[in-house]
Amino acid sequence: MIHDLPIGRALRRFRRLNAVKQGHLAELLAVSQGTVSRWESGEHEPDEAHRERIAALIAARAGEGGDVAIKRLVETSSQAVHLVCDATHQLLAVSPARLASWRIDAADYLGVSLWRFASPEIARAQGELADAGWFERPYQRLRFTTGANDSLEVPVAPGLTEWETIPLADGRVGRLTTTID
């Protein structure tokens, strides 16, 4: 799940958007500045404990402060759309149209990563984001065709999907996922 995500590049984007120096991040994570640099460049991967600490640090949270409006717009949208943290895929908000195809209680999944429900095409698109510069700039957009997954809980329907990044008020980044009819 989170092990497949490019956490180093997401960390670099978070740091740049929030004007945080590598040295300060190193202090927060109890590592050297060089270690942070190697994580961000992809030269090294953080161990399990550091990966979890990084994910907690950079995970987006909608519904606080200025993001209440974004959450409300998603939750009242007539489109099949949901908002996740771009770094961790944790669910932040979901529209009634999207929820109608899911067999879950959204409240039980808020703050939970949806990565385990990714179709092979979603996983492939995610894997290509870093090379496409997705984590280098705050505003990104991608359209791709996905196939179905094998989940009864959170099914992914075959079709055209659009991802758009949304910088949130706290400097973290959300990803709006829309099914295009």
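In this predicted model, E40 is buried, with a relative accessible area of 2%. The cut-off for a buried residue is under 20%, so E40 at 2% counts as buried. E40 sits in helix α3, which covers residues 33–41.

The surroundings of E40 were examined next. Neighbours within four places in sequence were set aside. The remaining contacts of E40 are G8, R9, L11, R12, R15 and Q22. One of these residues, R15, also makes a polar contact with E40. This contact joins the two side chains, at 2.7 Å. Another contact of E40, Q22, belongs to helix α2, where Q22 is among the residues that meet α3.

The packing of the two helices was then described. Two packed helices are described by the angle between their axes and the distance between the axes. Helix α2 covers residues 22–29. Its axis and that of α3 are 8 Å apart, and the packing angle is about 105°. Angles of 65 to 115 degrees count as roughly perpendicular, and α2 is therefore roughly perpendicular to α3. On the α2 side, the residues that meet α3 are Q22, G23, L25, A26 and L29. On the α3 side they are Q33, V36, S37, W39 and E40. By class, this contact has five nonpolar, four polar and one charged residues.

In an unreviewed entry, UniProt lists residues 11–47 as "domain: HTH cro/C1-type". Over residues 11–47, the chain is 65% helix and 0% strand. The end C-alpha atoms of that stretch are 14 Å apart.

Notes:
Residues numbered from 1 in each chain as written. Predicted model: local features only at pLDDT ≥ 70, side-chain atom pairs only at ≥ 80, totals over all residues. Heavy atoms only, no water. UniProt positions renumbered as here; feature names shortened; annotations may be inferred. Helix = DSSP H or I, 4+ residues; strand = E, 2+ residues; numbered from the N terminus. Buried < 20%, exposed > 50% of the residue type's maximum accessible area, 1.4 Å probe, protein only. Polar contact = N/O pair within 3.5 Å; in protein donor to acceptor, adjacent residues only side chain to side chain. Contact = heavy atoms within 4.5 Å. Axes fitted to C-alpha atoms, helices over the stretch in contact; angles between N-to-C directions. Parallel < 35°, antiparallel > 145°, perpendicular 65-115°, else oblique. Nonpolar A, V, L, I, M, F, W, Y, C, P; charged D, E, K, R; others polar.
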